[in-house]
Each structure stands twice: as structure tokens, then as C-alpha cells.
Number of protein chains: 4
Amino acid sequence: MQPHEIDARVRDSFAKQSIMATLGAEILAVRPGEVEIVLPFSDKVLQQHGFVHAGAVATIADSACGYAGLTVMPRDAAVLTTEFKINLLSPAKGDRLRAVGRVIRNGKSLVITLGEVFAESGGTSKQVAMITASLMVVSTGTGLKD
Amino acid sequence: MQPHEIDARVRDSFAKQSIMATLGAEILAVRPGEVEIVLPFSDKVLQQHGFVHAGAVATIADSACGYAGLTVMPRDAAVLTTEFKINLLSPAKGDRLRAVGRVIRNGKSLVITLGEVFAESGGTSKQVAMITASLMVVSTGTGLKD
Amino acid sequence: MQPHEIDARVRDSFAKQSIMATLGAEILAVRPGEVEIVLPFSDKVLQQHGFVHAGAVATIADSACGYAGLTVMPRDAAVLTTEFKINLLSPAKGDRLRAVGRVIRNGKSLVITLGEVFAESGGTSKQVAMITASLMVVSTGTGLKD
Amino acid sequence: MQPHEIDARVRDSFAKQSIMATLGAEILAVRPGEVEIVLPFSDKVLQQHGFVHAGAVATIADSACGYAGLTVMPRDAAVLTTEFKINLLSPAKGDRLRAVGRVIRNGKSLVITLGEVFAESGGTSKQVAMITASLMVVSTGTGLKD
């Protein structure tokens, strides 16, 4: 697929993830094998101490990894996360979070990804999470479509 | 702490997690070492195929584990998730999701938990996810409070 | 497959894992969906503090999970671990370690398992690790055979 | 600590890990925040298909991460792995495996690491695994010493 087709494919699919609008997350960049998602800090996504909830951090990190996977998949394949693990390195606070997902291994049935989440404030950036995720390649013949 | 104090502690802290109201999640049960959270299916929490997003599944699973940990913590301790891993076993769909978190190891500085998420529809229940999470015990002297 | 065929299949495959003889591990039990492996404490498997190395704990835990998966697989399928996560709950010491692996989800292309490792000494038993593992179902047509 | 002291500290501790001699693993390099371990292919470390067992891959990956952590720890601290997750990207075969562990976050009570394992054959190198590990910082006052 051409870069502009890949870009459109990811943005179209992302627009269907209602949780992203609910949390306020947006796509920042789409490159072959790499996707970035940002989540502005807001009082809709917090845990009890006022930090962004680990689940919200995981949500954008997982989607950044999943869409990084989608950029390398054939037209007739959809992507489903089968597992991820996230290490939370520091409390997630700041102006916004930026998640970057990258493909590490593009296998026939599984795509393995690595992602990082940064808290950005003014001009500063600090890594607050690290994620590894496995994506299953699912034929669109199953009815699933991205 | 007495059971009713533990119950109040968890529910008070949960009420401060704004993301729970944003997603529509609620506490179902609090027992020593075990907490249940439910998330009704809604069009606010979906991924592109119409299933509940893995991040929303992870959010209630992580909180169920975190609050299970809080039930066994001394009064002057708060809890922070340092990492979790989730296996997504089946697409998350149905009337609601129910996450159960349980303490497996109550250590001095780390509490280790295991959780399950079930999709419930009518009278049926199907496990859709499994999570393991590590919680750091943080002194409330740091300013953090649950 | 019949129980005695499943038992023979697992034990035959286990006998081909040279690392098990190297570490001193043995199969203790084979049941449909569940396998137990024991590792006697010895000075061949230690880390620097005199506990059993996390890698040795992981080795028997991973194999217990993998063989639990094999008990539910068709004759023409082999099993490969694609990922696992292990939480080390307490230092691994005692007379022997016993790992129990169980199938949680028997999917067409992925089998998900949960395992526990116990340190046993005299009549006592203490859980020292918890593992979750994903196994890929591989056709023996690929040349892989268990 | 000086680089040569760090180097000696890691190598002395590694020499006490009896499992490394059992498997045939050796330290390749020690740098501040990064350690490399190699495992020559041998018939002592295999699984049933003739690949290096995931547990052996995990053993050197975990130790590379653990010792990377030790390079940044104060003199009076020892290091214990509390959890790790490993993604197995490709069958582990070749002349030798090389594991590289790096510190991602050097926290007061937890050090978070990321590691890669490569299969090397002749002049070629292929990544076969990715690991993330959490290390607990333990005071040597507890009796533990690295």
C-alpha cells in the first residue's frame, strides 16, 4: 500500500474507536511501522491522585502499537491485540501524553510491537511508560475490518 | 481496618477516579483481598470492530487489582500500579464487563495481584481477559493518599 | 486423543528437551489441560544469593504451561511459546520447586495458560512465582513436531 | 563507583550464578547501564524441536537486565528481579545467543530495564527475543549482597 493509503487506513479506523473521542485522544503521526497518538491532560482521565489513570495510558499505548501493526499489514488483514504488558515508569502528568508504537517483528500470524509513552509539558518530555504488545493478524474474511 | 472501613476506603478512592465516571464503570463488590468492578457496554468505550477497547478492559482490570491491593494495606499507605500484563482471550462484547481483582502476594513493598474479566450477557458469563499486576506500596507521607 | 496417548505425547516430547536433564527437572503429572514439573534444588541452578535463578524458575514454569497446552492440541499440531510473563513472589529456595501449568483459553491459533510455581520443603509449600504464557498452535506440516 | 569497580562487581556476582556455568553462558561486556551476556549453542539447552529453550533465552536476558541494573546501583544495594515479560520473536538457533540488557528507568526502589536477544551465526545477527524486567533495589543490610 502507498503511504497515503496507509495514512488514510489508520485514520479511518482510529475515527471508529469511540473510546478515543471519549478520552480526547488524537492521531499525531502515521509512518510505516510507527504511529503516534496524543492524549491531552483533562479531568476526564484521572486516577485518585490526579495523575492520568494507568488504563488511559495503556489505551493510547495499545492503540499506537496496534496501528503501527496495521501500517504493515496487507489490505485483507485486520489486527487484534492478544496481549500487552506495560511498565509505568513515573506518574503520568503534564500538558499531554504522547504514545509512540513501533513494529519490532512483522510475522505472518503475529506482529510484535514496542511502545513508549511520554509526558510533555512546555518544552520538556519525560518517558512515563513502556509497553510491549502482540497483535494477531486476522483475515478480513472473518468479517473483521480495519 | 474493619470491613466497613475497608469498603468505605475503596469506594471513596474509586469515586475520585474520574476516568471511571467517563467510561461508566462502577464498584460492584469489596471484600478483603478482592474487588469487583463492572463496566456496562456503551458506545463510549469501543474499538473499531465494535468490541470494548482493550484499553477499557485493562482500565477496569487494573483498578480491580489496585483496589484489591488497597483492601490489605495499612492506613498510612497508598497504592500505585508499577506494571501489568493483560491477555485478551476473546472479543469483549455483551451487556457488561465484570472485572475481579485478587491479591496473590501481600508483600511489604510490592503487592502482586491476579485478575479476570468476564463478559456477561443475559445469564451467561465468559472470561475475556486475564491480568497480572504489581502494585507499589507508597507511604502517605509522600503526599499520596487513597 | 486418549489420556494415555496424551501422557505419552507429553513425556516423549519432554524427554527431548535437553535443558530439563541439564537442570535436573522432571515431569510429575500430566492431566488434560494441566501439567506439573518438578525441579530439585541443586547447586547447578542458582543465582548469586543462593536462590534458584529466576530463569530456571521460568524454564519449568514455561514448560509446564507449554505442555498443558499440548495436552489439548490435535495430533497434527505442535506448540511454540510466543511470550510469557512471570512474577517472582518470593525467593525460590527449599527442597524442590513444583510448577503447575493450566490452560485458560484453548483457541484455534493461540492457547493461553496460567501457571504457578511452589517451593516445597518437608511438608510445607509456598507459592514463589506466577506465570501467564501464550502458545502458538503450529501445524506439524511445517516440520515441527512435539 | 568507578567503571572498573562496576565491571568487577558485575563479573564477581555473575561468577556466583551457578546456572550460568551450567548453561555455558558468559559475560561479554559491562557498561554503565548496559550488560551483554552470550550463550553458545549447545545440546545442553534445547527444547524438543532443537531450538534453544525459551527458558534459557529468558535466563540470559533476565541476567543481562539484572546486571545492567546493578551497574547503576549504590554499593550498599543488591538487586532482585520481581517480574519480567519476554516476547519470543523467532526460533532461537545459530552459533550463539547474545543478550543485551539496558536500564530504562533508574528509580529509588525499582529499576526498569529493556533487553534484546540476538541469534548470531557467522556474520549475521537476528533479534529473537525482547524482554522487559523490573528489579527491586534491596539494601545489603538485609543480608543480600551482589
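On one side of H1(B), His4(B), Glu5(B), Asp12(B) and Ala15(B) are exposed (12 or fewer other C-beta atoms, placed from the backbone, within 10 Å of the residue's own; buried means 20 or more, partly exposed in between). On the other side, Ile6(B), Val10(B), Ser13(B) and Phe14(B) are buried.

The model is predicted: local features need pLDDT of at least 70 and side-chain atom pairs pLDDT 80 or more, whereas totals for chains, interfaces and linings use all residues. Residues are numbered from 1 along each chain as its sequence is written, with chains lettered from A and ligands numbered from 1 in the order in which they are written. Helices (H or I, at least four residues) and strands (E, at least two) are DSSP runs, numbered from the N terminus.

An open sheet of 12 strands has the order S1(A)-S2(A)-S4(A)-S5(A)-S6(A)-S3(A)-S3(B)-S6(B)-S5(B)-S4(B)-S2(B)-S1(B), with antiparallel pairing (at least two DSSP bridges between two strands). At its edges, S1 (26-31) of chain A and S1 of chain B each pair on one side only. Strands S4 (96-106) and S5 (110-121) of chain A are joined by 10 bridges, and Arg96(A) stands opposite Glu120(A) in S5(A).
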